[in-house]
Every structure is written in structure tokens, then in C-alpha cells.
Amino acid sequence: MKKTLAAVPLLAALAVLSACATMSVTSPATQAASSPKESPAFPGLDPSTDSDPFPSTYRALPSNGFALVGATILTGTGSRIENGTVIVENGKITAVGAGLALPAGVQPIDARGKFVTPGIIDAHSHLGVYATPQVWANSDGNEATDPNTAQVWAEHSVWPQDPGFVRALEGGITTLEILPGSANLFGGRSVALKNLPGRTVQDMKFPGAPYGMKMACGENPKRVYGGKGRSPSTRMGNVYGYRKAWIEAQDYRRRWDEYHKKLADFKAGKGDKAPDAPKRDLQLDTLMGVLDGSILVQNHCYRADEMAQMIAISHEFGFHISMFHHGSEAYKIADILKREDICTATWGEWWGFKMESFDGIEENAALLQNGGACVVIHSDDAILTQHLPQEAAIALAAGRRLGIAIDEAEAIKWVTANPAKAIGVLDKTGTLEPGKMADLVLWSADPFSVYALAEKVYIDGGLAYDRRDPTRQPLSDFELGQAGPAHPGDRP
Amino acid sequence: MKLVKLSLAAGLLFGTQAFAETIAITHAQIISLGKEGSFKDGTVLVRDGRIAGVGANLAIPAGTRIIDAGGHIVTPGLVASGSSLGADEVEGEASANDGAGATDELSAAFDVSLGINPASMLIPVARMGGVTRAVVTPELPGRGDKKGDRLFAGQAAVIDLSGSANSITLRHAALAVDLGSGAAGHLGGSHASVLQRLEADLDEAASFAANRGLYEHGTHRPYRQSKEDLEALQPILQGKEPLLVGVHRVADIRRVIELGRRLKLKLILNGAEEGWMIAGEIAAAGLPVLLDPQYDLPEEFEQLNARLENAAILAAAGVTIVVTPPHTGDYARQVRYNAGYAVAHGLPWEAGIAAITSNPARIFGFAASAGRIEPGLDADLVVWSGDPLEMLSVPEHVLVKGIEQSLTSRAQALARRYAVSDPNQPPTYRH
């Protein structure tokens, strides 16, 4: 009786927004850095020249050309193709359709009677930062020491040996957005990972993906800090905390802009003394990344009225919220979310574990979809992440019960294309389209069926998991040498 | 294990029975789980709140309301076992909850049935998922160390989901106790201290039974437990009431099996994530197992070998398994998906249905009331749009004790309110 999902909503409650990376920022300083005279004498002092200090070392598994032939394909673009073929070459999807001729050297794999979808994307995961076993030593998801910890990065807490990564892979997860928790108004940066086991977190980092920044509304920050006798202890205290931070961030951005202009002038020969750079601040770097659009806001927020407050704040300071996470009441403001182009990541059936989720309904996703808003089904949980299409099925069934007809080809976007959009990787993965990364899952049955199992999971064309082949079943260091085969597919 | 005779009698006078119609569910694919077997095209006849007949060619009395199932599956109403349903309203708000109430004086005796609220907003939500009964298990109040020196969470109750005043099926359905690392955390710090404490508390209760006269006269040494707790342990010692034991790793399961055998206890294992590794021993001991088939992670050191096939392996060895939803009552409706996951990982389909209907009814002592489609039992019935274990299937008709329930809830009302928009009228006016 100790093992219930009860622990999970608490985690959900602790979700935080994280700040995004500044990797795409270009500035006068970087442009001018080729001149020896102008190259920075003191590395690390200018955020614009130091945008990717923990670069991805991701390497795809070797991949020969292959084709999944004869499957029902849900493309993630809204199409359903019966008896279809997906062709993969050099780790990329090269063709998707019915009755395709296979190029020379492409190995056919019989997928008749099965289903193929894009790799499943969990846009709200704490794998690695709240790893199993859930012991104190592995609890690294919430830097609950200050309501603003935009300066921390989730990737620095990720333990790549979390057995949860492998379980998620067995459930078809190929991409994860790992977020800090929700204790803080600003929780820190989130990071996109490819779910291919690696020795280091850099080995897993999704190449070219933007950072996110976690923010959190509502009960968690006010409970955590109110409980410590500090601000915020109320929702109005929360809003003060956000605005205060954005004012500082805007001012920081202004100082760097001025510095870069003066530096450019100096390089152009104006003046005889190089300008002094502002003092770098890691917290403000992340917030500045949001303001310049390079970091995507991932905002834990349950109640509709609070989402509206957050939107007003985004207008006040000129940034965009990429996605509300949990969003139990998003259905109440579907029109606003559509207008603002903000996705909502929610569950099929989680609700009611605290007051701000008390109005959570199974029809949330369907009502949002019906209103034209972007819907994502997320997990926030190491168990649920293994069943994400089935969680989407719960939401789909509830919508149909209400009379909202949504077909499965559309609903699969909730766990593929839409999360890819919200975490900034839709140009690379999330759909089965030529040129995309060959992240895909071969399912034993309709992925919306409770009986569906991921038979083969491909990441960048490499076979990352095969239910029938023990040599293609990763096992984390932690689980190596344990007494029992704790693995799907094994039988004692 | 006492049937609540008072409640049953009150039900006959004032309760749902008074409004029960005669109903025939026709053209049903019946999964009875009872001696009647299954029917491809059968009829279930409901009269006076009970099942009056099950068969392929039943005569239907004049005036009977017909529910044509159109070939769809009909199962017994589902049972959410190990749930806080009806006792807790909002997990995060202590003042809204009654499922955790053990005190230093009332631990084994704490009776969650007295905290059940049939008007809970969660009950219609669960009912819409085809759940018609729940085995409500209390938990210890507080978190971590705040659980204090208490061992027993208290007495579980079986409730029906009619929402009516007389919805308690059974009090004292089992005594809930956790022997896992959570309990170790507040009772000394070791699994050993928890097991010793359990045995000591049971010893004390046996001493109390043998020295009741001296105790009442105040001439016996004092007991650590209150009189109420010592009394509550008597049916456990007599093997009349099950002790529902939260236990997880192989070593602890074996110790519990040994203790149960020695003291002749009627045990039900709860959790048993590593049970599959000693499925034969659990089967030989005749112990049923409550489990959540989704738990496949080494969340604690006491379940390093948790795996998705636990249900299938235990059942294949002959263990009676009960599939649970998460404890929080909001998720009672998840019980059928959990059974589906167990089936996806090797449990035979009908065993999956039994694990959420007839099995819990049998092991928690209400098989004479519910859990099967059999003449004489309460008419808890669900007509499904498809396979009951599939997310894409929904209940089309739900009967609790012969009364068809309206498939509405507060959540449904919210969905309908916001399904339409009217710029000239705030949604608050739509109800």
C-alpha cells in the first residue's frame, strides 16, 4: 500500500520552469571574435561567447538502411497509412507511403499487422534528476533553496544510469525533456535528451535542441517558501517574484546590449579604450535567453486564471510561453491558449490530488484540441512515461464520450509532433517525414491499445531496443548483476 | 469480517432497494466469472436489486425494462481494491480526508468505514469507469517520522458506489499494516524492528485474550496497546479476518509467510513486487496477492526486481491475484487499465477480469454480495462499449445493486460547461 501514484502528484506539484539555452545567440562580440585583437582574454565572462559550455557528445548507433514494410503508419502529421512503408537510410527517414519500392541496399523488415509511429516524446520528465531507487542521494530535481534558481541546469543533476531511462525506452520513448522540479518560481534550465543510453549526460543531449526554462505557478512555490517563512507564501507573492526577476533580467539584457554596441564601436575604431563588460550572472543569463527567444519557457501551471496571469506577465516583458505543464484547467481557456500559440501538456486521467488540480477532467485534451489549441500528453512520472500513448487513449476516449470526434492519426500528435514543437525540435523529429531523424517505434498493436507493446524502438535509425533480442535490450549499471531479470520479454 | 446487518436492514427500509426496477440486459456477451460461465448472446435478469437469472434463453417477465447490450460485453462491476475512495477527497488537503486516522490509542482498531462519505465527489467519477465497489484501506496519518510509533493503519471497509446512505458492504474487511521500508523508517529504522513489533503486538493480543479477567480487574501487567486495539487483533489471531500486509522483497515475503504459518493467520500480501521470484512458495502458502502491475522500477531497495510480469507469473503459479489501482481514490477508475497492463504482459484475459471482480470479492469476504454475475448476488453490472480493459472502451450502463446509475459526475458537468462558448454569458451561468 505504500506504492501508489500518490507520490507522483507531489512531484508534479513541484514542477518548475527552466530557462533555455543561449546557444543560438549571436552578438557583435562573437562576430568580431575572429580578430586576434578582439578575442576574449578571459574566457567565460561574456555569455554570448559561452553559449554551449556542455556540448552534446551524442552519437547515434550504427544504422544500415532498412524499411518497415506493411504496417499501419500513424505519421504524426495527421495521416494514417494502411499497409505502408517507412524507409530509413543514414539515420534519416527518406520515404513514407504505401507501395513504395525499396532502394538497393535497404533491408525490408516485415511489419504487417503492426503499427509504426514516430518515437514517443515525453515533454515532462524527471528521469535522471529524480532517479530510482528513490533515495536521498538520487533526489536532485529541486534546488529548493531560493524561489529563483534560474541559474541551475537540470542536466547537471541527471544520472545517466537511472533505470527509468531504459524502462521508458521499452515504452517507446525516444526523446525526453528533463525538467527541474516545481518548488521554485524559476526552477532552472531543462534539457532535451535522446533516450539512447550514454555514459554521460552529454552523450544523451539532443544535438541542436534549445534549452527550456522551468517556471512554476500556484501551490508549490507558495507552500515551499511560505513553509520556510519566506516570500512567496501566496499567489500574489508568486507574481511579485516573477516580475521582480524579469525586471532584473531586462536590465541585464540592456547592459549587455549596450556593452556589445560599445564594443562594436571600439572595434570599428571609435574610442581608444575597450568598454568594461557587465558582470556575468548565471541566473540572469538564463532569463535573458528567454527574453531573446533562444530559451523556451516551460511553465508548470494548473489553474486557468493563473495561466492568464502568466500570459499577462509574458506580454509585459515581451517573451513567449512555449507550454503550460499539467494545465488541469486549460480547457477553460482554450481560446486564449490558441490565440497565444501556447501548448498545454496534461494527463489523461490524473486529477484531484490537490486543489489546483481538482477541476482536472479527462476531457481536457479533447476540449483543447476541439478549440484549436496545441495538446501534449506528458507523464511527470517514471511509470506513466512507459505508457504515454495509452494515457493519450484515455483522453481520446473521454473526448469521444463527450461527442468530440478525434481520430487516432490526430491524437498521436499529442505524444509526438506536439511535444516536439513545444520543446523546439519539431524540425528534427516528432513526425515521419523525409529528412527527419529516424526516431520511430514498431508496435505490436494499435498504440492506443492497452495491449500494445513497443517491439522495436529506433533512434536516429539505430535499433535502440528490440523486445525479442536480448542483445538489443540495454540494462543500466545499477541493474547489472541483480538477482532477477527485471525486463520485459524475459521469462524466468 | 462482520456483515453490517444494521446497514443492510436499513437499506431494505429506506435505501435503493425501494426503487429497484426489474431489468433485463439482453443480447449481452456475458463474462460472469461464476458457475454460470460465459455467454455470447445472453440475458441477465435483475429483480429487487439482485441478479435473478443469467442465461441464453431466459424468460423475461412482462413489464421488465430492457437494456439491449447489442452484443457488447457485460461484466460484474469492477472492484477498486486498496483505495482511499470515499474516505479521502483531496489528497493534498488534510482537512478533506478521513482515510488516515490511526492514533496511539486506536491503531489496529481504527475503523475507516466510519469516515466514509457516500456523497464524495470522487465516487461518481469512479463509477463512470465501471467501478461499483471499493475495498477502502486506511493509511497511517502523517509523513515519515510523523507517523510516530503506530504500526497498524486500521480496519479496511468494503463499500458500494451507489452513493446512498447504506453504502457500507462490510466493515473490518481486513486489517492493514505496512511492513515495508516506509514502516521501517518510523518504527526503529529496520525491517527487523517492524517484524518484531508486529509479532510483539500479536503476542500481546494473545496474552490479553488469555488474561482478560485479570486485565479487567486491573491486576495484570499493563499492555502497550489499548484495549480497543487488543480487541481488534482478536479476529486476526483467530484467523477470521485477513491481515493485509504491505511487503515487497523476497526475504520479507518469506518471513511473513513463516509468521503466518506459525500463528495461523489469514494473510493477504500487498505489493509483493518481488513475489514472482518465489511464486511457488506464495502459492503453496495459499496467500492471495494485491499488486499494481505497473510497478516495474527499483523504486526502493526492497523491490529491486520489480517487473511487469509479476501478475502473470504469480497467477500461473496458482496465486489468487487482485489488481489494484493507485491508492488515491481519484484513480480508482484506473483499475481496469492496470488489469490490461497485466494482460499485456502475460496474464490471461479472463484472469485479468477476475483480478478486478471476483478475486477481491472472495479474498475480502464479500463474494456473497458482489464480484460475479450469479443469481442471488447484488446486481452490480457494467455494459461496456468494447473490451473493458481497453482505454478506448467506456461503460455504457452501470448498475449498482440493481439501480442503473446516471453516467454523470462533477467532472462531466465541467466538461459540458466548457464545451460550448458564449461571448455574452460567462460559463458560470451554464449549469
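**Entry 1: salt bridges**

I began with a definition: a salt bridge is a side-chain nitrogen of Lys or Arg within 4 Å of a carboxyl oxygen of Asp or Glu. I noted that the model is predicted. Side chains of opposite charge can pair when their charged atoms come close. By this rule I recorded 57 salt bridges over all chains. I then looked up one of them, in which A:Arg167 meets A:Glu479 with the closest N and O atoms 2.8 Å apart. A:Arg167 belongs to helix 3 (residues 163-170) of chain A and A:Glu479 to the segment after strand 16 (462-466) of chain A, so this pair ties together parts that are 312 residues apart in sequence.

**Entry 2: the sheet of eight strands**

I next traced a sheet in chain A. It is open, its eight strands follow the order 6-7-8-9-10-11-12-13, and the pairing is mixed. Which strands stand at the edges? They are strand 6 (120-125) and strand 13 (375-377) of chain A; each has a single partner strand, so one side of each is left without a neighbour in the sheet. Neighbouring strands of this sheet are turned by 25 degrees against each other on average, direction ignored.

Strand 8 (residues 186-194) and strand 9 (residues 212-216) of chain A run antiparallel and are joined by four bridges. For A:Arg189, I found the bridge partner in strand 9 of chain A to be A:Met213.

**Entry 3: strand 5 and its partners**

I recalled that strands of a sheet pair through backbone hydrogen bonds, either parallel or antiparallel. Strand 5 (residues 115-118) of chain A pairs in the parallel sense with strand 1 (residues 66-74) of chain A, over two bridges. With strand 14 (residues 440-443) of chain A, strand 5 of chain A pairs in the antiparallel sense over four bridges. I followed A:Phe115 to both partners: A:Phe115 is bridged to A:Thr72, and in strand 14 of chain A its bridge partner is A:Trp443.

**Entry 4: backbone exceptions**

Most residues other than glycine have a negative phi, and most peptide bonds are trans. A cis peptide bond joins A:Thr132 and A:Pro133, with omega about -5 degrees; A:Pro133 is in the loop between strand 6 and helix 3 of chain A. The bond from A:Ser231 to A:Pro232 is also cis, with omega near 0 degrees, and A:Pro232 is in the loop between helix 5 (219-226) and helix 6 (235-267) of chain A. A:Asn90 has a positive phi, near 55 degrees, and lies in the loop between strand 2 (80-89) and strand 3 (92-98) of chain A.

**Entry 5: where chain B meets chain A**

How many residues does each chain bring to the contact? I noted 68 from chain B and 62 from chain A. The area buried between the two chains is about 5800 Å², with 61% of it from carbon and sulfur atoms. B:Leu297, B:Tyr331 and B:Leu392 supply 11% of the area that chain B buries against chain A, more than any other three residues.

I counted four salt bridges between chain B and chain A. I also looked up the salt bridge between the side chains of B:Arg410 and A:Asp359, at 2.5 Å from N to O. Helix 14 of chain B gives the most to the side of chain B that touches chain A, with eight residues. By class, that side has 34 nonpolar, 15 polar and 19 charged residues.

Key:
Residues numbered from 1 in each chain as written. Chains lettered and ligands numbered in written order. Predicted model: local features only at pLDDT ≥ 70, side-chain atom pairs only at ≥ 80, totals over all residues. Heavy atoms only, no water. Pairing = 2+ DSSP bridges. Axes fitted to C-alpha atoms, helices over the stretch in contact; angles between N-to-C directions. Contact = heavy atoms within 4.5 Å. Buried area = accessible area lost by both parts, 1.4 Å probe. Nonpolar A, V, L, I, M, F, W, Y, C, P; charged D, E, K, R; others polar.
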